[in-house]
Every structure is written in C-alpha cells, then in structure tokens.
Amino acid sequence: MAPTSSRETVAPADSGSVPDLRELVSALEGSPAEQGLRERKKRARRAALIDAAQNLVAEHGLDAVTVEMISAEAGVSPRTFFNYFESKDDAVLGAEDTGLSEDVIRTFVEGGPTGRLLSDLQVVVATLLAPAGEAHDRVMRAMDLMQHEPALLRRHVVWMDRHKSRLGELFEARRATTPFDTDTELLTMLVLLMLRTALVAWEHAGYTGNPADHLPAVVAQLVDVVAADLES
C-alpha cells in the first residue's frame, strides 16, 4: 500500500491532466528510501525464518517441525512464510529463488560486463555466492543439518537442478544476442564447479572473508589447465 506522501507525487496538476506510467509506478513503489526500508525488512524477515527453521530442526528433527512452528517462532503468519519459501526444507537450507538481480541478468544477456565469456561468468558466480558471504553462519548450519537429515540433501539436489535450468535459460538468452559456440550444459557445469570450488576454499580458509574472494584463484586454475594442454 502506497504511503499518503506518494499519492501527492502523482496527483494531477489540474483536473484535465493524467499521470503517466512512470509516475504511477513511482507512487506504488514509494521513494527510494521507502523502497530501501522495505527491502531491509524483507531481508530481516527472511533471515528470521531461516534462523527459526534451523534452530527448531536442530532441536526437534526435521520431521517434527512444521511450517506453523517456524512461523510462530519467527513471529509471522504461515501465509507470510510462503511469501519467502516453498517448504520448510527450503527455509532450513535458506534456498534463494535465483540469486541474480535483473541488472546482472540484463548485463550478462547483453554480452557484458566485459564481453569475455569466462570473465562474465565469474561475475555471475560472484553474485550467486554473495548471500553465502553475508550469512555464513546460516550456510554452515544448513550444511551441518544436511549431514543429519537426508531429506534436506535431496531438497538441495532439487534446488540445484532448478538452478541448472535457470542458468541454461540465461546462457541461451545471451547466445541469442551475443553468439558463442560453447555448449550450454558445459557452461552450466562450469558455473556449478566454480561455485563448489570457491565454497570449499572458503571453508578451508575458516569461513573468513567472502566466498567470492576465492573466485580469481579458481578461474586461474581453470585457465592454467587449458593453457597447459594448448602448450603441450
């Protein structure tokens, strides 16, 4: 619901004027400050749901925990819960829908930001890794709970398959605007490999810094492997 002040923004100057679409959108979304506040509240609510889900599952086990319990613990309604997660398993895992903003998607599809496919893939992977760096305690708890709850591991595999599908769509969209020959399946597996390798390196570093900090080393290793074969 738009605040009263926003309505004033789109009020016609006279009875004959009509607000254009941009003004209507601005009124509905509110000012940049109001949008930022809403986004922070959404992130805080999402984090509260993840914390509640992980703590309850750690205490009672996955089968004994319900969406209603998680919602009550986080202080929201079950209906609000489903605005953030499809299932209790997703809440425990802290599963993101996409992890890529519209700006990142648009820039990549249009052939950016560098025009070099491997470098641009690194930007995509860094974006996907960002949530883990911002909430590494939750990531660590999710990884630990997966070791004790096989259902969570299965759900994680489903989530990975969904990500693979969306990555494939992203690559095909870029191919249509900036043609390249590399197979989509290969690129998808490369992204997953870069994600996994960076996360493992981050784990070995004691979860200090951010996972994306390890991406340049990962890419350097890939380049070295290819370069060594070309030189032989």
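Me: Helices (H or I, at least four residues) and strands (E, at least two) are DSSP runs, numbered from the N terminus. In which helix is the place of Ile 105?

Reply: This is a predicted model, in which local features need pLDDT of at least 70 and side-chain atom pairs count only at pLDDT 80 or more, while totals for chains, interfaces and linings use all residues. Residues are numbered from 1 along each chain as its sequence is written, and side-chain values use heavy atoms, with hydrogens and water left out. Ile 105 belongs to helix α7.

Me: Does Ile 105 count as buried, partly exposed or exposed?

Reply: Buried means under 20% relative accessible area and exposed over 50%, with partly exposed in between (1.4 Å probe, protein chains only). The relative accessibility of Ile 105 is 33%, so Ile 105 counts as partly exposed.

Me: Which residues is Ile 105 in contact with, leaving aside its neighbours within four places in sequence?

Reply: The C-alpha atoms of Ile 105 and Arg 174 are separated by 9.4 Å, and the two residues are 69 apart along the chain. With contact taken as heavy atoms within 4.5 Å, and neighbours within four places in sequence set aside, Ile 105 is in contact with Leu 100 and Leu 170.

Me: How many helices are there in the protein chain?

Reply: From the N terminus on, the elements run α-α-α-α-α-α-α-α-α-α-α-α. There are zero strands, and the number of helices is twelve.

Me: What percentage of the contacts in the protein chain with a separation of 6 or more comes from residues 24 or more positions apart?

Reply: The protein chain has 232 residues, and 33% of them are buried. Among contacts with a separation of 6 or more, the share from residues 24 or more positions apart is 64%.

Me: Which element gives the most to the largest nonpolar core?

Reply: A nonpolar core is a set of buried Ala, Val, Leu, Ile, Met, Phe, Trp, Tyr and Cys residues joined through side-chain atoms within 4.5 Å. The largest one has 23 residues, and Leu 121, Phe 171 and Val 191 have the most contacts inside it. Two or more residues come from each of α7 (102-109), α8 (117-134), α10 (150-177), α11 (184-204) and α12 (215-231). The element that gives the most, with seven residues, is α11.

Me: What is the volume of the largest pocket?

Reply: On a 1 Å grid over the protein atoms alone, a cavity is a set of points where a 1.4 Å probe fits but cannot get out, and a pocket is an open set with protein on both sides within 12 Å along at least five of seven lines; lining residues have an atom within 4 Å of a point. Grid points are joined across faces, edges and corners, and a volume is the space filled by probe spheres set on the points. For the largest pocket the volume is about 1,600 Å³.

Me: Which element gives the most to the lining of the largest pocket?

Reply: The lining has 43 residues, and those closest to the pocket centre are Gly 94, Ala 95, Glu 96, Pro 131 and Trp 159. Two or more lining residues come from each of α3 (32-60), α8, α9 (136-148), α10 and α11. With eight residues, the element that gives the most is α3.

Me: How far does the backbone oxygen of Gly 94 lie from a polar atom of the side chain of Arg 46?

Reply: Arg 46 lies in helix α3 and counts as buried because its relative accessibility is 17%. With neighbours within four places in sequence left aside, Arg 46 is in contact with Tyr 84, Phe 85, Gly 94, Ala 95 and Glu 96. From the backbone oxygen of Gly 94 to a polar atom of the Arg 46 side chain is 3.1 Å.

Me: Which residues does Arg 155 touch, not counting residues up to four places away in sequence?

Reply: Arg 155 lies in helix α10 and counts as buried because its relative accessibility is 19%. Not counting residues up to four places away in sequence, Arg 155 touches Glu 86, Ser 87, Asp 89, Asp 90, Leu 93 and Arg 162.

Me: What is omega for the cis peptide bond that joins Gly 112 and Pro 113?

Reply: Pro 113 lies in the loop between α7 and α8. The cis bond joining Gly 112 and Pro 113 has an omega of about 5°.

Technical notes. A polar contact is a pair of N or O atoms within 3.5 Å; within protein, one must be able to donate a hydrogen and the other to accept it, and residues adjacent in sequence count only if both atoms are side-chain atoms.
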